[in-house]
Amino acid sequence: MTGVRPSGQVTPNPSAPGTATTFDVFCGRQAVSATLFGVTLGLADLNLMHSTATTAPGEFVLTVTLPASIAPGHYHPGFDCSNGNIGAVSFTVDPIPHKAPETGDGTTATQTGTPLTSVGYGLIGLGALTGAGAIAWRRRVAQRG
Amino acid sequence: MRFLRNWLIGLSLALIVAGALSSYGGKNQLRWNAPAAPPAWEARATAHGTVAVSTARPLARSVPRFIWIPAIRVWARIEARGLRPNGTAVLPSLNHPFVTTWFDRGPAPGQRGTAAIFGHVDSYKVGPAVFYKLGVLRPGDLVYITLDDQQVAIFRVYALAMYQKSAFPTAVVYRYTQWPTLRLITCGGLFDQRTHHYLSNVVAFAVYVGARR
């Protein structure tokens, strides 16, 4: 074990189910590898972290996709360094809606009766009135005759 | 005179027949056009991971109040809502078909991450509802969100997709983005008369381009 206090951060924080999430830890300069414990996140038990061209000596990163089924809440996964240091990172998983939303009741897909219907009723009414007028007229003429 | 009377009777019969045909034809037609669906190429583009990156500086969290989408003439109030116990987002009431809801357990519009706003496509009260024309949006159309702090976050649509509800890709739609993005979500596609539900969702993907006061 070295005197350096291991530390780490998670990006993004808060994260969300199904989101690519990066764990970035610092073990101390003497460390050559680090392992993230993933069981609490629904990942593999041991996840080897990596150093990259942009990481400092003793710094390791790992990007994982959080399971879609991970529960919302606060998580503190631990990590283990090759120099004997151990630590934990803290982050939050926000919820996301799980199912497709029901945003409509089908009114526009099912309701029938276009303006043609109203026009049709109007024409029927007009025809009835015209016919009634013509018949009344004929009767009046017949009575006079 | 007799000719005129006979002519009137003939006219009345013609009007009645025309009216009967017209009302019968209208009665058996859909009252509204089906909600617009995105073109097929849009869905493919989104499925293949079309993304739009924003370089605009993200905003601090502020509750969204209004949404304005000039391309489809939408101006609507936004209500903040969370999740139901069954894990689905709380949606606007069908009694208020021109109100939208923002999923307040996730990022706010303009914050880093994906903000989601839901609206109905139709409602028995009015017919076409607030997001009836969502599928008409095209890449480049702008969406304006008025926030509680009086800033207006501006988003540009970059993709549209229609997903089967039975295979709704929650990870694709809601996943975190390192820059602010927005999802506008409603129903679409075929309507199942048996279950009284639409079989698909229409999703508009938009990226933050800046803010104004």
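**Entry 1**

I began with one residue pair: Val143(B) stands opposite Phe155(B) in S8(B). This is a predicted model, where local features need pLDDT of at least 70, side-chain atom pairs count only at pLDDT 80 or more, and totals for chains, interfaces and linings use all residues. Residues are numbered from 1 along each chain as its sequence is written, while chains are lettered from A and ligands numbered from 1 in the order in which they are written.

I then looked up the strands around that pair. Strand S7 (residues 142–147) of chain B is joined to strand S8 (residues 152–164) of chain B by five bridges, and the two run antiparallel. My term for strands and helices: both are DSSP runs numbered from the N terminus, helices being H or I with at least four residues and strands E with at least two. Two strands pair if DSSP finds at least two bridges between them.

What do the eight strands S1-S2-S3-S4-S9-S10-S8-S7 of chain B form? They run as a closed barrel with mixed pairing. Neighbouring strands of this sheet are turned by 35° against each other on average, direction ignored. Axes here are lines fitted to C-alpha atoms, for helices over the stretch in contact, and angles run from 0 to 180 degrees between N-to-C directions.

**Entry 2: chain A as a whole**

I counted elements next. Chain A has two helices and nine strands. From the N terminus on, the order is β-β-β-β-β-β-β-β-β-α-α.

I checked the overall dimensions. The C-alpha trace of chain A spans about 125 × 30 × 20 Å along its principal axes. Its radius of gyration is 38 Å, but a compact globule of 145 residues would have one near 15 Å. That radius is taken over C-alpha atoms, and the globule rule is 2.2 Å times the number of residues to the power 0.38.

I also looked up burial. Of the 145 residues of chain A, 32% count as buried. A residue is buried if 20 or more other C-beta atoms lie within 10 Å of its own, exposed if 12 or fewer, and partly exposed in between, with C-beta atoms placed from the backbone.

**Entry 3: the open sheet of chain A**

I found an open sheet of three strands in chain A, in the order S1-S2-S5, with antiparallel pairing. Its edge strands are S1 (7–11) and S5 (59–65) of chain A, each pairing on one side only. Strand S2 (residues 20–26) of chain A is joined to S5(A) by seven bridges. In this region Ala20(A) stands opposite Thr65(A) in S5(A).

**Entry 4: helix H2 of chain A**

I followed helix H2 (residues 115–144) of chain A, which has 30 residues. Buried in H2(A) are Thr117(A), Gly120(A), Leu123(A) and Gly127(A). What covers the buried residues of H2(A) includes H1 of chain B.

Ala136(A) lies in helix H2 of chain A too. Why does Ala136(A) count as exposed? Because Ala136(A) has 10 C-beta neighbours inside 10 Å. Ala136(A) and Thr117(A) are 29 Å apart in space, C-alpha to C-alpha.

**Entry 5: where the chains meet**

I ended at the contact between the chains. In contact with 45 residues of chain A are 61 residues of chain B; two residues are in contact if their C-beta atoms, placed from the backbone, lie within 7 Å. The largest share of the side of chain B that touches chain A comes from H1(B), with 16 residues.

Notes. The expected span of a helix is 1.5 Å times one less than its number of residues.
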